[in-house]
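Subject: Structure for you to look at

Hello,

Here is the structure I said I would pass on. Please open it first, and then read the notes below.

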Amino acid sequence: MLRLYRIAPVRLDFHELKKDYYGNLSINKNSNWFNMKDKTILLNNFKTDGKYGTKKYHLDDTTFELLKEYCDSQKISTGYIFPELMDKENLKSTKFSNYFRGIIKKELDIDIDVSLTVSDLRAAFVTHAWRVYPNETHVLSLDERQEIASQMCHTIDTAEETYLRRASLEKVPYPEHV
């Protein structure tokens, strides 16, 4: 699960992921798909889908194999990959959120009372990508920042205002010509 978020650092959008073995169901724009034919995740149903449309994420071989093995072990030929985590009455998917918190705690092998969330993971992703560290000399170009924001299904401003963590609350100065 964490590998999916390394490739596609989105919100809680994987709880509605469906398996498409032959790649022909993915044309249904009302669902999110694990397209096995071309090793992609297609997100059609997410918070900002009206603005960004379908998002396509290519899976590396390891992530593809892990997700395929999971589907095989759960005997999922088609349909929802995580049906036990579906929460039909709560669009925020409380079950998936709690499940994800447990994964983070287990995989990071941490013993803390505070639970880490998908938002925390997204913040770490942006902060690492923006490289906002003391003495950092690399400044991302506008195109690089736009690509990262697009992967996350939001704008550069949202990335910086909501997810970017830094000691100073001042915005990182970006030259207009970069």
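**What was found**

Of the 178 residues of the protein chain, 40% count as buried. Please keep in mind that this is a predicted model.

The chain has seven helices and five strands. Along the sequence they follow the pattern α-β-β-β-α-β-α-β-α-α-α-α. Among the contacts in the chain with a separation of 6 or more, 51% are between residues 24 or more positions apart.

**The strands**

Strand β2 (residues 32–35) and β3 run antiparallel and are joined by three bridges.

Nonpolar side chains in soluble globular proteins tend to be buried together. Here the largest nonpolar core has 27 residues, and F14, F34 and I41 are those with the most contacts inside it. The elements that give two or more residues to this core are α1 (2–7), β3, α3 (61–73) and α4 (94–108). Another core, of 12 residues, lies apart from it, and V126, I148, A149 and M152 are among its members.

What does F34 touch, not counting residues up to four places away in sequence? The list includes T40 and I41, as well as F64, L67, K68 and C71. L17, K18, K19 and D20 are also among the residues that F34 touches.

**Aromatic pairs**

A pair of aromatic rings is described by the distance of the centres and the angle of the planes. The structure holds four aromatic pairs. In one of them, the rings of Y5 and F14 have their centres 4.9 Å apart and their planes at 75 degrees, so this pair is edge-to-face. Y5 counts as buried because its relative accessibility is 2%, and F14 counts as buried because its value is 0%.

**Positive phi in the loops**

Most residues other than glycine have a negative phi. K75 is not a glycine, but its phi is positive, near 55 degrees. K75 is placed in the loop between α3 and β5 (79–80). With 74% relative accessibility, K75 counts as exposed.

C153 is not a glycine either, and has a positive phi of about 65 degrees. C153 is found in the loop between α6 (142–151) and α7 (156–163).

**Cysteines**

C71 has 0% relative accessibility, so C71 counts as buried. A disulfide is a covalent bond between the sulfur atoms of two cysteines. How many disulfides does a search of the whole structure find? The search finds zero.

Regards

Technical notes
Residues numbered from 1 in each chain as written. Predicted model: local features only at pLDDT ≥ 70, side-chain atom pairs only at ≥ 80, totals over all residues. Heavy atoms only, no water. Disulfide = S-S within 2.5 Å. Buried < 20%, exposed > 50% of the residue type's maximum accessible area, 1.4 Å probe, protein only. Pairing = 2+ DSSP bridges. Helix = DSSP H or I, 4+ residues; strand = E, 2+ residues; numbered from the N terminus. Phe/Tyr/Trp six-rings, centres within 6.5 Å; stacked < 30°, edge-to-face > 60°. Core = buried A, V, L, I, M, F, W, Y, C linked by side-chain atoms within 4.5 Å. Contact = heavy atoms within 4.5 Å.
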